[in-house]
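Subject: Handover of a structure

Dear colleague,

Please find the structure below, followed by an account of what was found in it.

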Amino acid sequence: MPQLTAVPLSWYLILSAILFALGIAGFVFRRNVITVFMSIELMLNAVNLSFVAFSHQLRQVDGQIYTFFVMVVAAAEAAVGLAIILTVFKNRQTLTIDEVSSLKN
Amino acid sequence: MPNQPDLQLWLIPVFPLIGAFLNGTLGRNWSKGLIAGVAIGASALSFVWVVKTLSALGQLDTAHVERYFTWIASGDLNVGFDLAVDRLSSVMLLVVTGVGTLIHVYAVGYMDHDKGFWRFFSYLNLFLFFMLILVLAQNFLLLFVGWEGVGLCSYLLIGFYFLEKYAGDAAKKAFVVNRVGDFGFSLAMLLMVVQFGSLDMTKVFTAAKAMPVEAQSGILTAIALLLVVGACGKSAQVPLYVWLPDAMAGPTPVSALIHAATMVTAGVYVVARSSEVFLKAPLAMEVVAVIGLLTAVVAALIGTAQNDIKKVFAYSTVSQLGYMFVGLGVGAFSAGIFHVVTHAFFKALLFLGAGSVIHALHGEQDLARMGGLRSKIPITYWTLMAAALAIAGVWPFAGFHSKDAILLAAHAHAPWMFWVGVVTAGLTAFYVFRAIFLCFFGEYRGHAHPHESPAIMYMPLVILALLSVAGGYLPIMDWIAPLFPEAHEAHDMTLVLISVGFGLAGILAAYYVYVLKPGTAEASAARLGGLYRAIANKFYVDEAYDAAIVHPLEQGSRAVLLHGVEQVVVEGGLKGTVAMVRGFGGLFRHLQGGNIRSYAVYALLGAVVFLGLMVAKGGSQ
Amino acid sequence: MDLIFFLLFASIAVGCGISLVVQKHPIASALSLIGVMGSLAVLYLLLGAEFIAAVQLIVYAGAIMVLFVFVIMLLNAAEEAPSRKTNWPSRLLGVPLLAVFVALLAYLFDKMSPSLGTVTFGAFTTGGKQIGRSLFNNYLLPFEVTSVLVLIAILGAIVLARKEID
């Protein structure tokens, strides 16, 4: 049983893995396109946690720089992605991801 | 070999090659004058260069060889691009370039109305190139290049009127039959490599000279016989002569140049060149003589019943080539070559004259629709008469001297050959004069308005006629004889008189049958019945070939190759592969569902696999 | 203390995550995601990343999630309708693959555990100063590139979402 003041790093990583898996679950099983998008954000967050955890372990700030960049990119991606969703909704009148399958076959 | 000045032998064949190239690529848009100028110029330049080379070489006691570059250097086999001139090839060179140029000049007039004027002269020059390579070659492989090349040009020129089916068929027939001969030639070359390790003529002949005479069989006999197969193909001897009569589908200048004066003599030339090999293989020599004799007789017989003037002369060519083979076979090599030269003169003249007649009659070739043209086309008449007298062996015309030399040598070798030879001489005189009489005597039986040919056409006729008259006095045999170990027979007057007698008999018989008593021909034909029909149908040789070889090949191909191999193996294999690919494609198509969630699952699958690999490889270390 | 905080906020994060995946209405998912982000911010603090925690709350939870909520509102997103077509890769492979995935990861991390050490609050604290120094010295190029990226994103979003001017 770990001390009260020391949490094993692997627990942080396991938490990250669980959140990541949840993100994947949301991505794979949900049909609403916005929910899917949010699952992607969840995955990104999980990875951020990993980065910060390692940054702490290695006593370097680089991991946090990476999370910084991840966040910036996530922001950009969210903006554009939501704009795309808006456009698709305008054209297809649907938010169900299964029905946006023009690339079929 | 003493070092001799470099005479640029390569220019001899290259002039016509350049002519062929220019006319072939640019000639389409040129005026006829320019095309003709380039073609005749190339041929004439070649002739001039030959003369210059020969005068520079003088006596030519030894061959003058020029080696340019190594063509093949593979293991022990070394083949170079080597050209050589010796006494034998000097004669051939003069004939090819000289007669060739004359025919080029004639053709300018003959082909005047043809749309393919440029193409014709391009091919004609190309032919000259290959023939000259053949003659000048110092090794068998290079000779074979020329050999094949003239075969190609023969095909192109026979099929010149390619829009006519019979022309295309004739061209294909010529090529395929020649191929059979070429196969023999190739095998001969392979045996040479095996036996002598080289294809260079000097090496081969020196080695052969050192070998003993083979009584029955042996490597030299094998090589010789295979060369004979090749020669039979190219020089239209039994059994490979069937292409030559059909080759008359080509324009008449082509018949004159290729199928009379030059290409068909290539076989004779090769045998003469390889005399060292043949002298050590008496069996092969005998075969050559017998084939020559058989061919001479059979062709002469067939020639008596032909109605197309060009076909008569075609069979005449086959027959005369047979004579040359007889000369070679009995050891009278120089006589055989002498006959090549004189034959070039009078046979080319015969064909060009025939062309003149055909031109005068606007395309008529059937003897039945000619007649009485003596007065209408006199120049053609007189020149053709000269040629006919030459071929009939009448003294003092050219043919008499060469044919006589062969017949005398034949008698010295085996008297029965002499007798067959003189009978054939009689037949020769008969069918040639039959053609002359049917064409120029009697009443005109046609519908055209005959007119004499233009000067550009009759000038070469005149020159060739002069050569046919006086050519017998050219000292060709003396020039070439030192190359061959021949015994010079005593000049037996009796035999000479006998052969001349048979010739005159033939002429008189033709005169009787066709001029004095015009109905005699049909009457005799009726009485001879079956025999006449056999002769008129060329002894059904073509039909026999058809049944024995062509049809079975066709059926066999269709059954086995078409249905069997082609459809089952090739198409089946192909279709099978296509079906398989399609099947897989169909399977994988489902991956592209367009559904984002599926893609995510696949990505996840990939990640899992990757992780699994990581774990399997031992964790994060 | 660290342990308790960690366990508390880790469970909140996982709970919100599950909620995100399970909720039917997108707005509920959005709110769950905000919850996750909040707990993560606390965890970052525990790990000594003060700046990152602040940025997480301001940018991620404050801006991006607001954007999400606005879009949900705009699109009038409703509860998910029951599906008509079944997507069989996800049905067939989704759960097993996930399970395997998690198992593998857990195994890996467990194996790595001894070498990873522990986290103590205050052992390594970084603030804006360190991040700024590193960002503008070592990572200047990526920084500038990301600024261009953001510009592009702005342009893209505007182009995609504007009304057609006819």
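To begin with confidence, pLDDT is the predictor's confidence in each residue, from 0 to 100. Among the elements of chain B, helix α5 (residues 140-158) has the highest mean pLDDT, 91, while helix α22 (residues 520-528) has the lowest, 69. Helices (H or I, at least four residues) and strands (E, at least two) are DSSP runs, numbered from the N terminus. Over chain B the mean pLDDT is 83, and 95% of the residues reach 70 or more.

Some conventions apply throughout. This is a predicted model, in which local features need pLDDT of at least 70 and side-chain atom pairs count only at pLDDT 80 or more, whereas totals for chains, interfaces and linings use all residues. Residues are numbered from 1 along each chain as its sequence is written, and chains are lettered from A and ligands numbered from 1 in the order in which they are written.

Chain B

Chain B holds 25 helices and two strands. Of its 621 residues, 51% are buried; a residue is buried if 20 or more other C-beta atoms lie within 10 Å of its own, exposed if 12 or fewer, and partly exposed in between, with C-beta atoms placed from the backbone. Two residues are in contact if their C-beta atoms, placed in that way from the backbone, lie within 7 Å. Among contacts in chain B between residues at least 6 apart in sequence, 81% join residues at least 24 apart.

The strands β1 (residues 64-74) and β2 (residues 77-85) of chain B pair in the antiparallel sense over nine bridges; two strands pair if DSSP finds at least two bridges between them. His64(B) stands opposite Val85(B) in β2(B). The two strands β1(B) and β2(B) form a hairpin with two residues between them, and Gly75(B) in the turn has a positive phi of about 65°.

Phe338(B) is found in helix α15 (residues 333-360) of chain B. This residue counts as buried because 31 other C-beta atoms lie within 10 Å. Leaving aside neighbours within four places in sequence, Phe338(B) is in contact with Ser402(B), Ala405(B), Ile476(B) and Met477(B). Phe338(B) and Trp479(B) are 141 residues apart in sequence, and their C-alpha atoms are 10.0 Å apart in space.

The loop between α8 (219-234) and α9 (243-246) of chain B contains Pro239(B), which is joined to Val238(B) by a cis peptide bond with omega of about -5°. Ala236(B) lies in the loop between α8 and α9 of chain B as well. Phi of Ala236(B) is near 50°, a positive value in a residue other than glycine. Ala236(B) counts as buried because it has 31 C-beta neighbours inside 10 Å.

Chain A has three helices and one strand, which follow the pattern β-α-α-α along the sequence. Buried residues make up 57% of its 105 residues.

In the loop between α2 and α3 of chain A is Arg59(A), with a positive phi near 55° in a residue other than glycine. Arg59(A) is exposed, since 10 other C-beta atoms lie within 10 Å.

Between the chains, 64 residues of chain A are in contact with 71 residues of chain C. On the chain A side, β1 (7-8), α1 (9-29), α2 (33-58) and α3 (62-92) each supply at least two residues, and α3(A) gives the most, with 22 residues. That side divides into 46 nonpolar, twelve polar and six charged residues; Ala, Val, Leu, Ile, Met, Phe, Trp, Tyr, Cys and Pro count as nonpolar, Asp, Glu, Lys and Arg as charged, and the others, Gly among them, as polar.

Strand pairing also links these chains. β1(A) and strand β1 (residues 118-119) of chain C pair in the antiparallel sense over two bridges, and Val7(A) stands opposite Val119(C) in β1(C).

Helix α3 of chain C

The buried residues of α3(C) include Gln56(C), Tyr60(C) and Phe68(C). What covers the buried residues of α3(C) includes α2 and α3 of chain A together with α2 (26-46) of chain C. After α3(C) comes Asn76(C), whose phi is positive, near 55°.
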